[in-house]
Each structure stands twice: as structure tokens, then as C-alpha cells.
Amino acid sequence: MNSPSGRGRGHVAAAIVIILAAIGLLVLVLSLPGSRVGVAVAAIIAAAMLGIRQAFNHARLRRLRQMAGAFSDGDLSARADIAGVDSIARLAGDLNALGDRLVAAGAALEAQRRLLDGALGSLAEGVACIDDLDRVIYANPAWRHLTSAGAEASGAAFYEHLAAAALSAAVAKVRGSGRADEVEFEHRRRRLRATVSRATPDALVIVLHDLTELKRLEGARREFVAAVSHELKTPLTAVAGFAETLLDGALDGDPAVARGFVEKIARHADRLTILVRDVLTLSRLEQGSWEVKPEPIDLVGIGRAVAEEHQPAADDRQVRIVLDAPGSLDAVSDRELLQQLLGNLVSNAVRYNRQPGSVTISLGGDGDRLRLRVADTGIGIPPEHRERIFERFFRVDAHRSRASGGTGLGLAIVKQLVDALQGTISLESGPGGTTFTVECPRIDPRAARN
Ligand code: ADP
């Protein structure tokens with residue numbers, strides 16, 4: 001723009017033209033009679049000065065024009081170096097100042113955009129502003145992710161990446177009424193809720209909430225409630241039925257028969273108690289309201305207590321419980337969680353065993369990990385069911401599970417307990433039996449914080 005060579009070429013060309021014109025005029029003047037020569041020379045000098053000035057101004061104006069062109073092409077760094085006090089020099093000064101102001105305004109705008117990105121960038125909700133032609137003028141990262149538009153979101157019409165009739169209708173409605181509107185729709189297998197409102201007279205803002213996970217949880221909760229109700233129904237119906245039979249006369253009949261009914265009522269009541277206990281345990285664990293309390297423990301002591309607790313049930317089924325562990329195994333963990341976890345695994349290992357059979361509880365650990373292993377000589381879990389056995393109320397054989405006092409929630413609780421202990425669980429199973437292996441930190445990371 002201010003290149004000295006460009007300016008130099010312009011001046012040289014103007015000077016050559018002027019010199020040639022002056023030579024021509026000099027020849028003309030010398031041919032005039034003597035009395036007129038003085039006047040003619042003065043006129044020539046005046047004309048030459050005027051010409052030089054015009055050529056000079058022309059070059060300066062051309063520089064200003066180039067600068068204005070650069071501005072309109074987006075190059076705000078162009079400046080004109082024009083000295084003087086005349087109006088062209090003043091115009092150059094004004095244009096230079098305009099350039100400086102545009103650069104400053106651009107930087108301020110960029111800073112604002114970065115601030116907006118920073119503020120809206122971490123939101124889980126997708127946020128976009130659209131202009132009066134439905135083009136996206138701003139989209140935060142969540143919007144780009146939820147609509148799968150990526151970097152192409154800006155500049156495109158919103159419906160190119162988010163085609164939903166309900167949303168387009170809401171946008172039109174808000175434009176018409178000025179009042180905010182809310183709609184729900186499916187997009188790429190996601191359930192979205194969009195809130196549309198006016199941001200400025202021309203621009204609308206759309207906020208997208210991803211409801212997919214919420215709906216999934218709602219569905220899972222509904223299914224769970226239905227399953228629990230179903231599980232409760234059988235023992236409740238039995239209790240009500242036997243009580244009614246007793247009241248209808250059995251109570252006054254043969255005492256042995258009446259006792260049989262009462263025993264059945266007691267058995268079903270026990271079943272109800274166990275079911276309700278498991279449901280409460282599971283919901284406490286799932287809601288995260290089970291406070292993990294790490295304390296110094298001896299894992300072998302816990303293993304011994306669990307083995308003793310389940311020995312009577314094991315004896316009934318001719319199952320031997322063996323504890324394979326060192327003399328003691330110190331750890332800092334939640335005693336109750338570990339006891340329940342081991343208890344559920346041992347209970348299953350006893351109930352799904354063969355007669356006679358055995359259950360081996362192996363406890364060990366290396367360095368910073370604890371390892372709990374429960375191996376049985378039981379019926380095994382067919383490969384096609386192994387993925388699902390940690391689901392709530394999933395049973396390979398529902399009849400056997402119920403008959404042995406199972407609620408269908410034991411392994412779902414185990415899974416939650418393992419998560420609460422920040423551990424992992426794996427299983428191996430075959431015709432010779434099943435082995436569950438749990439690993440978790442030997443010193444619970446939360447212990448240091450308490
Ligand atoms: P349940 O109360 O029915 O035992 P669980 O959640 O504890 O419920 O277990 C789910 C299902 O997994 C059981 O019904 C059973 O079919 C199977 N299962 C669990 N543990 C074992 C095991 N050690 N051997 C064979 N099958 C098992």
C-alpha cells in the first residue's frame with residue numbers, strides 16, 4: 001500500500017509528462033515576439049505548478065482508494081502515509097483512525113466470542129442463535145455434538161442439521177408471537193427438548209436438552225416397579241389366601257392342618273421380608289445414598305464369618321464350604337459392603353450347587369489390591385446368559401431361584417457393591433461349576449479423605 005517504488009513510479013511518470021509539456025511550451029514561447037515572452041513564461045510556470053499539484057493529488061487519492069478497497073476486502077492492516085494539512089491528508093488521517101478503530105472493534109468482538117464460547121462451551125445443553133433467515137449465527141459445542149453438525153453448524157440453516165417439524169413450527173410460532181415455546185422430538189435416536197425464545201428483534205435462541213438418559217432411567221424405573229409389584233404379588237396372594245382359609249374354618253379344624261397353613265404364611269412372609277430388604281438395599285446403592293465407610297479390617301475374619309453364616313444352609317444341601325486364605329489379610333475398606341458382597345456370592349454358590357458339592361472362598365491380595373474369589377462345583381451358567389445375570393430380576397431358571405429363596409436381585413446388588421468399592425468383577429463358568437472373582441483397592445481411596 002505505501003510502497004515507495006509504486007509512489008516513485010507515479011511521480012516519475014507525472015514529471016516526464018510535465019517536462020515534455022514544458023519543453024514544447026518553451027519552443028513555442030521562444031518563437032513569440034519579445035514583449036510577450038515574460039507574460040507567457042509566467043503563464044507557463046503557473047500552469048506547470050497546477051499540473052504538478054494535480055498529478056500529486058491524483059497519486060495521493062489513488063493511495064486512499066486502494067486503502068478503502070483493502071478495508072472492504074477485510075484487510076484492516078492497510079494504512080496511508082500521507083503528510084500535509086490539506087483535505088486529502090486529513091482524509092488519510094481519518095481513514096487511518098477508522099482502520100485502528102475497526103481493528104480494536106474486531107479484537108473486542110473476538111474477545112466477546114471467546115467469552116461466550118467459554119461460558120456456553122461447558123454447558124451440557126446445546127445453545128444456538130439463529131438469524132431471521134434461520135441461519136445459525138452461533139452454536140456452542142454441545143449443539144454441534146447433539147445435532148451432529150460439527151464445525152458446519154455456523155452459517156447453515158438450523159434445520160439442515162436438526163430436521164424436526166416440531167422445532168421448525170416452534171421457531172415460526174415464536175417469530176410470530178414473540179413468546180417462548182418448548183417442544184420435544186426425536187433426533188438421531190435421541191430424545192430432545194428444545195426451548196425457543198427471542199434473543200433480539202431479529203435473532204432467536206434455541207436451547208436443546210438431551211432427555212435420552214432421563215427417559216431411559218424413567219423407563220428402567222417403571223420396569224423395576226412393575227417387576228417388584230409382580231414379585232410381591234405371589235407371596236402376598238399366598239399369605240392372603242392361607243389366612244382366608246384359616247378364617248373360613250381351617251383354624252377350628254385339625255390343628256396339624258391349621259399349623260401347616262400358618263407355616264406357609266410364615267414362609268411367604270419371610271420371602272416378602274427378604275424381597276423388600278433386597279429392593280431397599282439396591283435402591284440405596286443405586287441412588288448413591290449408601291455412604292462408604294472405610295475402616296481397618298481383616299478380610300479373613302469377614303470370610304470366616306460369612307462361611308459360618310452360610311454353613312447351615314450348605315449342610316442342608318450337602319455342600320461343604322472351604323476357606324482358602326492366609327492367617328489374616330489387613331485392609332482399609334467398608335466391612336459391611338464386603339460382608340454383603342461375599343455373602344451374596346456364597347449364597348448363590350450354595351443354592352446353585354450340586355449335591356454333594358463344595359464352595360471355596362479364596363481370599364488374597366497383592367500390594368494394593370484385594371482379591372475375593374468364590375468357586376463352586378454347581379450347575380454352571382450357560383454362556384448365552386452370562387451377560388445378563390447382573391440385571392435385576394434376571395434368572396436362568398426362575399423356578400429354581402424362587403424355590404431356593406432367591407429374589408433375582410442378588411447379583412444386581414453385588415454389581416452395585418463392587419462399583420461402590422471401586423472394584424471389578426468377572427466370572428468363569430462351565431459344567432464343573434462357576435467362579436466369581438472380585439478385585440478392589442486394598443486401601444479405599446476415600447479413607448485418606450475421612
Ligand atoms: P437369585 O436370587 O435368583 O439367585 P441373583 O441375582 O443372585 O438372583 O442371580 C441371578 C441368576 O444367576 C440366578 O437366578 C441364577 O440363575 C444365576 N446364578 C447366580 N449365581 C450362580 C451360580 N453360582 N451358579 C449358577 N447360576 C448362578
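This is a predicted model: local features need pLDDT of at least 70, side-chain atom pairs count only at pLDDT 80 or more; totals for chains, interfaces and linings use all residues.
Q: Which residues come nearest to the ligand?
A: The shell around the ligand has 19 residues. By class, it holds seven nonpolar, eight polar and four charged residues. Those that come nearest are Tyr352, Ser401, Thr407, Gly408 and Leu411.

Q: Which helices each supply at least two residues of the shell around the ligand?
A: The ligand sits in the largest pocket. Two helices, one spanning 335-351 and the other 410-420, each give at least two residues to the shell. They are helix H10 and helix H12.

Q: How far is a polar backbone atom of Gly408 from an oxygen atom of the ligand?
A: Polar contacts are pairs of N or O atoms within 3.5 Å. A polar side-chain atom of Asn348 is 2.8 Å from a ligand oxygen atom, and a backbone N or O atom of Leu411 also lies 2.8 Å from a ligand oxygen atom. For the polar backbone atom of Gly408, the distance to an oxygen atom of the ligand is 2.7 Å.

Q: How much of the ligand's accessible area does the protein cover?
A: On its own, the ligand has 520 Å² of accessible area.

Q: Is Met67 buried or exposed?
A: Met67 belongs to helix H2, residues 34-72. Its C-alpha is 9.4 Å from that of Gly99, a residue 32 positions away in sequence. A residue under 20% relative accessible area counts as buried. Because the relative accessible area of Met67 is 0%, Met67 is buried.

How values were computed:
Residues are numbered from 1 along each chain as its sequence is written. Side-chain values use heavy atoms; hydrogens and water are left out. A residue is near a molecule or strand if one of its heavy atoms lies within 4 Å of it. A polar contact is a pair of N or O atoms within 3.5 Å; within protein, one must be able to donate a hydrogen and the other to accept it, and residues adjacent in sequence count only if both atoms are side-chain atoms. Accessible areas come from the Shrake-Rupley method with a 1.4 Å probe; for residues, only the protein chains shown count as cover. On a 1 Å grid over the protein atoms alone, a cavity is a set of points where a 1.4 Å probe fits but cannot get out, and a pocket is an open set with protein on both sides within 12 Å along at least five of seven lines; lining residues have an atom within 4 Å of a point. A molecule sits in a cavity or pocket if more than half of its atoms lie within 2 Å of its grid points. Helices (H or I, at least four residues) and strands (E, at least two) are DSSP runs, numbered from the N terminus. Ala, Val, Leu, Ile, Met, Phe, Trp, Tyr, Cys and Pro count as nonpolar, Asp, Glu, Lys and Arg as charged, and the others, Gly among them, as polar. Buried means under 20% relative accessible area, exposed over 50%, partly exposed in between (1.4 Å probe, protein chains only).
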